[in-house]
Amino acid sequence: MIAPKIQDRMRSIRETVENGGRLGMEDGIFLYSPEVPLHEVGELANYVRERINGNVGYYNINTHLNPTNVCVYRCRFCAFRADLRDPKGYAMSEEQILARGKEAEDNGCTEMHIVGGLHHKLGYDWYRGILETLHNAYPQIHLKGWTAVEINWFEFLTKKSSKEILTDLREAGLGSMPGGGAEIFHPEVRDQLCEHKANAHKWIEIHQAAHEIGLKTNCTMLYGHVEQPYHRIDHLLKLRDLQDKTGGFQTFIPLAFHPENTKLSNLKKPSALMDLRTMAISRLMLDNVPHIKAYWIMLGIGTAQTALAYGADDIDGTVRHELIYHDAGATTPEMLTIEQIKNLIVEAGRDPVERDTVYRRVHRNPDNFKEWTLGDDVPVLAMQR
Ligand code: V47
């Protein structure tokens, strides 16, 4: 039995959303209360999701490249990083990187997602060179690379501004930026997780710089560790504010914390119920971001499928060589075939659409799946802002 006070408040939130109004901090915190039935939050998020993206369920054909895991930072949530002299530490050679490009091409990938550690000994030119090498050899593959944390490291290495660096990286072949490194912006939490790396202000400044030179970016939030609902909503509102200014975010990806092999391994992984609630609340709060991604690698396939009815319209890609989540105990497969990912979307009752990184429709040659052409942008139906 739902308390009448809760029902009243939920009714008022529903009216605001249906009339195209905006939810605020208190609304977001309220939606996280366990007394608010999850299915009601999900239904409202689904209404918004269908208003913006109809019945489409997006996927892409992609691969990951983590050129090094050696990192000067010691983020407490990270199971992927290694110290300089750690036997598990590696830095890939140019041949290894080119081999990954070839494998991506052979498997029809339209995107390489490139992130890694901040290596103590490798300079900016090594990171830039990875983009240049891949772009020269495989110009048709979109390079979505380097998080704001890496760009901030390049600022330190080169003493140049983020805008100069991003402009230079774009010349080398950078197509867009992934959303990693955002974690939780609020210093009460950020200082416990990763006190030395780029803070909220920096992360936002770098994404703003990217948007101002015309690069699209994604945004993320790492949840389910030491944060409270207040910190999550604060994070979402900061992203919403930047999007109001620039419109440069394409997709938001809520990232559920995986504790295994991290310095926070005493914590429990968030439940599927928390994953779905966070997905739905993200859709409701971020009324100006066109896409919400249910990253199947991190959520597990069943929850990712369910998330397509809880606000998400995108399920990420077929993925190859994912390490960040698998090092932290993810039990999902390391990749899916094109047929598997399409079926997963169909089973969830959505119409699968293959997109490239910037949401253009991909048309595959039916006789040779490695050949593709790009169509128009898939229209976003009715953004409120
Ligand atoms: O910034 C690291 C997170 C992020 C753990 O832009 C962890 O399309 C949970 O940003 N448990 C990197 N999360 C991944 C990322 C991403 C993933 C998929 C798509 C896109 C995109 C971006 O992963 C890091 C951090 O927030 N992370 N370790 C962990 N143990």
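Which strands and which helix each supply at least two residues of the shell around the ligand?

## Basis of the model

This is a predicted model, in which local features need pLDDT of at least 70 and side-chain atom pairs count only at pLDDT 80 or more, while totals for chains, interfaces and linings use all residues. Residues are numbered from 1 along each chain as its sequence is written, and side-chain values use heavy atoms, with hydrogens and water left out.

## The ligand shell

Strand S6 (217-223), strand S7 (249-256) and helix H14 (324-327) each contribute at least two residues to the shell around the ligand. These elements are DSSP runs numbered from the N terminus (helices: H or I, at least four residues; strands: E, at least two). The ligand is surrounded by 22 residues, each with a heavy atom within 4 Å of it; Phe77, Lys144, Gly181, Glu183 and Tyr325 are the closest. The shell comprises 11 nonpolar, 8 polar and 3 charged residues. In this classification Ala, Val, Leu, Ile, Met, Phe, Trp, Tyr, Cys and Pro count as nonpolar, Asp, Glu, Lys and Arg as charged, and the others, Gly among them, as polar.

## Polar contacts and cover

Oxygen atoms of the ligand lie 2.7 Å from a backbone N or O atom of glycine 181 and 2.8 Å from a side-chain N or O atom of lysine 293. A nitrogen atom of the ligand is 2.8 Å from a backbone N or O atom of histidine 258. A polar contact here is a pair of N or O atoms within 3.5 Å. On its own the ligand has 610 Å² of accessible area, of which the protein covers 95% (Shrake-Rupley method, 1.4 Å probe).

## Strand pairing

S6, S7 and S8 form an open sheet of 3 strands in that order, with parallel pairing. S6 and strand S8 (291-292) are at the edges with a single partner strand each, so one side of each has no neighbour in the sheet. S7 and S8 are joined by 2 bridges; two strands pair if DSSP finds at least two bridges between them. Threonine 251 is opposite histidine 291 in S8.

Strands S11 (residues 360-365) and S12 (residues 368-377) run antiparallel, joined by 5 bridges. They form a hairpin with 2 residues between them, and arginine 360 stands opposite aspartate 377 in S12.

Notes. A polar contact is a pair of N or O atoms within 3.5 Å; within protein, one must be able to donate a hydrogen and the other to accept it, and residues adjacent in sequence count only if both atoms are side-chain atoms.
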